[in-house]
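Student: I'd like to learn how to read pockets in a protein model. Could you walk me through it?
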Amino acid sequence: MKLNTMAAVMSFVSKIENESAEFYQDYARRYPKTGETFSSFIKENKRFEKVIKQTYFGVITDTIEACYSFEGLDADDYEFVINSAPGTTLADALRMALEMEDKIEKFYLTVAELSYSLMADIPVAFKRVAKKRQDRKFTLQSLLETV
Amino acid sequence: MEVRKLQNYINGEWVASESNELEEVRNPAWDKLLCHVPMSTQTEVYRAVQAAKDAFPEWRNTPPVTRCRYLLRLIELMEERFDELSRVQTTEHGKTIDESRGETRRAIEMVEVASGIPSLMQGFNLEDIAVGIDEYAIYQPLGVFCTLAPFNFPFMVPLWYLPFAIACGNTFIVKPSPRAPMSQADLFMLFDEVGLPPGVVNLVNGATDVANNLMEHPDIQGVTFVGSTPVGRIVYRKCGEAGKKVIAQTGAKNFIVIMPDAELDSSMASLMSSFFGNTGQRCLSGANALVVGDDAFYKRFADKFVEAAANIKVGDGLDESVQMGPLQNVASKQRVAGVIERGIKEGAKLALDGRKLNLVGDVPETCFLNPTVFENVTPDMSLAREEIFGPVASLLRAKDLDEAIRIINGIPYGNAASIYTTSGKWARQFQHDVEAGNVGINIGIVAPMSFFPFGGRKDSFFGVTHGQGRDVIRFFTDPKIVIQRWF
């Protein structure tokens with residue numbers, strides 16, 4: 001699905017933040033060892049979505065090129081598959097999480113790049129969240145090494 | 001389902017109009033009836049003016065800091081209902097949801113700036129103009145003002161004036177566009193919640209008759225208008241004859257100069273937004289792309305421009321994949337289609353024909369046109385000179401910047417002009433010499449922020465002070481000069 005407009009990008013942000021939060025919720029229940037980390041991720045996801053949307057709603061004006069900045073941006077490139085099969089091991093779950101976070105980070109960096117010269121504060125917000133996702137990948141990698 | 005009939009808001013109450021004359025408001029994307037809007041009677045207009053006049057003495061004596069608290073509450077409510085307000089604009093006008101959200105944000109910014117009225121409205125003084133004598137200027141409100149609003153930014157434009165007017169201590173009447181009156185009705189529901197004293201803000205639905213009744217009423221101190229140049233002239237003349245203050249922000253034919261050193265790739269989104277944003281129905285839209293440079297540069301630009309325009313997704317503005325909505329009504333579509341036909345007859349080359357529809361989803365074709373691009377347009381053609389107010393771009397050429405500026409200054413409008421360049425020298429020359437009230441440098445839509453005046457010259461503006469910012473504060477007040485000596 002093409003993400004032609006800022007409105008479409010915002011809806012996709014909600015989708016990926018909600019879906020990844022659901023993933024962490026599911027596995028935090030299954031593997032209490034991850035509970036604290038995953039719970040903090042879930043809280044962060046809400047905050048990330050809020051930061052991005054606040055920025056968008058705060059600066060969107062009739063002058064901003066919101067409808068024309070995202071040539072070539074396709075949601076299909078950033079969709080992630082979540083396997084919630086009952087027998088999934090913690091190691092597999094963490095690998096899935098890493099893959100998911102990698103896609104989300106790439107999505108945020110791509111949007112930041114595409115909107116860099118046009119969208120006022122918006123690329124800054126996306127870059128900030130992408131950086132947090134990168135930090136999160138380090139955390140996940142460390143967890144994986146302990147499994 | 002019963003289709004509602006909009007009401008007027010007079011003296012702090014919603015009242016049904018006595019008029020049996022109704023007009024339909026239709027969703028232009030789906031060609032569906034949304035509501036009926038009454039053409040209010042003269043009696044109703046006079047009732048609104050009387051309510052505003054009666055409210056004025058107490059309101060002007062309300063301290064500015066208290067007056068602005070009502071606006072702060074309004075901002076809260078607008079933020080709470082941000083998306084709801086935006087969706088109504090898309091429904092009644094057709095613009096995309098991003099564009100409506102942009103309009104809502106701009107509207108809120110107007111109220112935010114107006115809520116700084118305790119600072120903005122301050123006068124000035126000079127001690128000892130002669131020994132022991134001081135002089136000072138106090139800015140005082142004048143009474144009842146009104147605005148005659150356009151259809152293209154139905155929610156925002158009345159807020160270029162209303163919050164400033166009432167913050168200054170005046171009272172106010174809005175006549176929304178009968179083509180898109182719903183978002184103003186929703187705004188007035190918020191005013192009702194805010195709890196302003198009755199009569200401070202009023203809304204009267206209608207068309208030309210209501211506008212005339214307002215302009216001719218002796219108790220109206222001033223009128224603001226946004227719309228076409230021919231109507232703006234009438235408003236200016238009528239108000240002038242009656243001794244009223246007036247701001248008339250009118251038509252446009254905006255040029256975008258593309259210099260040979262312009263960053264074409266990074267400029268294209270901005271150019272598409274300029275020419276086709278709001279379906280070209282805005283006074284700041286780019287209309288003529290004036291390309292300076294050799295044949296190879298022109299071809300590179302034209303190819304990119306036409307390709308980008310051809311790729312624009314057109315459909316229902318509530319569909320988030322859509323980049324351009326319909327024209328606001330079927331008459332607008334027919335008018336713009338007629339302009340395209342005339343352009344062909346004038347000898348311009350139709351590089352992209354927006355009449356060949358390519359729409360997203362199963363929307364009816366009723367109000368839609370895709371983007372149109374003409375090449376080989378010359379400055380004498382009507383395509384280059386007359387306001388189209390639709391998604392039609394004309395590509396012209398000039399041999400150098402001097403010639404480009406001469407072409408721009410040769411048309412009667414002076415609303416906005418932009419240049420795309422990486423040269424500071426060219427940008428500076430353009431900014432200095434071009435006869436336009438709003439100038440963009442690598443900016444396609446030069447929409448001044450709420451704390452700056454909205455420029456406009458020649459046939460694009462009639463009046464003395466402009467809308468927004470400090471200018472509009474001067475419009476809604478009058479300086480009283482006091483010279484004092486104490487024995």
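Student: What volume does the largest pocket have?

Tutor: General idea: on a 1 Å grid over the protein atoms alone, a pocket is an open set of points where a 1.4 Å probe fits, with protein on both sides within 12 Å along at least five of seven lines, and lining residues have an atom within 4 Å of a point. Volume is the space filled by probe spheres set on the points, which are joined across faces, edges and corners. Here the largest pocket comes to about 920 Å³. It has 35 lining residues, and B:Phe151, B:Phe225, B:Gly227, B:Ser228 and B:Val231 are the closest to its centre. This is a predicted model, where totals for linings use all residues, local features need pLDDT of at least 70, and side-chain atom pairs count only at pLDDT 80 or more. Residues are numbered from 1 along each chain as its sequence is written, chains are lettered from A in the order written, and side-chain values use heavy atoms, without hydrogens or water.

Student: Which element gives the most to the lining of the largest pocket?

Tutor: Helices (H or I, at least four residues) and strands (E, at least two) are DSSP runs, numbered from the N terminus. H9(B) leads with five residues.

Student: And the second largest pocket, what is its volume?

Tutor: About 670 Å³. Its 25 lining residues include A:Tyr68, A:Ser69, A:Glu71, B:Asp265 and B:Ala269, the closest to its centre. Helix H3 (90–114) of chain A gives two or more residues to this lining, as do helices H10 (264–276) and H11 (295–310) of chain B. H10(B) has the largest share, five residues.
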